[in-house]
Amino acid sequence: MKRLLVASSLIILILATSAAGCTGLLDTKKTNTPEATLKTYISAFNRGDSDTIYDLLSSQAKSTSRKSDIKDIMELASEFQMQYDNYKILSKDVVGDTATLKVEISSSMGGKHLTTSVETMRFVKEGNEWKIQGTYMQL
């Protein structure tokens, strides 16, 4: 009887997880707000996921950036163990389909604190997604 209860619980957990994935509740690529796009960018950077970073760029930013360049940058960042440790949104300004976030970001290299800087990021809404207008964040 105990095995049946454990098996039933596992099946329910798997089904719930699958259903959540289908509805996007577990989706790690969220871009429905500028803040969500920033969070997705930070997470992708820390994973070395150049494909996601490129996908987060606006069509204008993509016109001046090659996917291979983003991949090369991410390989260097990975080689030097660069990470964004944490960030804090200091201000947000949304006007129509454009947004600006002023963000304080701390980064590290090889597990040691490298810098904390304040960056201004611009976003543009394309369809239902907020995209990064520029690629000018510094480590």
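1. E126 has E129 of strand 4 as its bridge partner. Strands here are DSSP E runs of at least two residues, helices are H or I runs of at least four, and both are numbered from the N terminus. The model is predicted: local features need pLDDT of at least 70 and side-chain atom pairs pLDDT 80 or more, while totals for chains, interfaces and linings use all residues. Residue numbers start from 1 along each chain as its sequence is written, and side-chain values use heavy atoms, without hydrogens or water.

2. Strand 3 (residues 112–126) pairs with strand 4 through four bridges in the antiparallel sense; pairing requires that DSSP find at least two bridges between two strands.

3. The sheet is open, with four strands in the order 1-2-3-4 and antiparallel pairing. Strand 1 (82–95) and strand 4 (129–132) are the edge strands, each pairing on one side only. From one strand to the next, the twist averages 30°.

4. Helix 2 (residues 34–47) packs on this sheet and touches strand 1, strand 2 (98–109), strand 3 and strand 4. Contact means heavy atoms within 4.5 Å. The direction of helix 2 makes about 165° with that of strand 1; axes are lines fitted to C-alpha atoms, for helices over the stretch in contact, with angles from 0 to 180 degrees between N-to-C directions.

5. M74 lies in helix 5 (residues 67–79). Its relative accessible area is 5%, so M74 is buried (under 20%; exposed is over 50%, partly exposed in between; 1.4 Å probe, protein chains only).

6. Leaving out residues up to four places away in sequence, M74 touches F45, G48, S50 and I53. M74 and S50 are 24 residues apart in sequence, with 6.2 Å from C-alpha to C-alpha.
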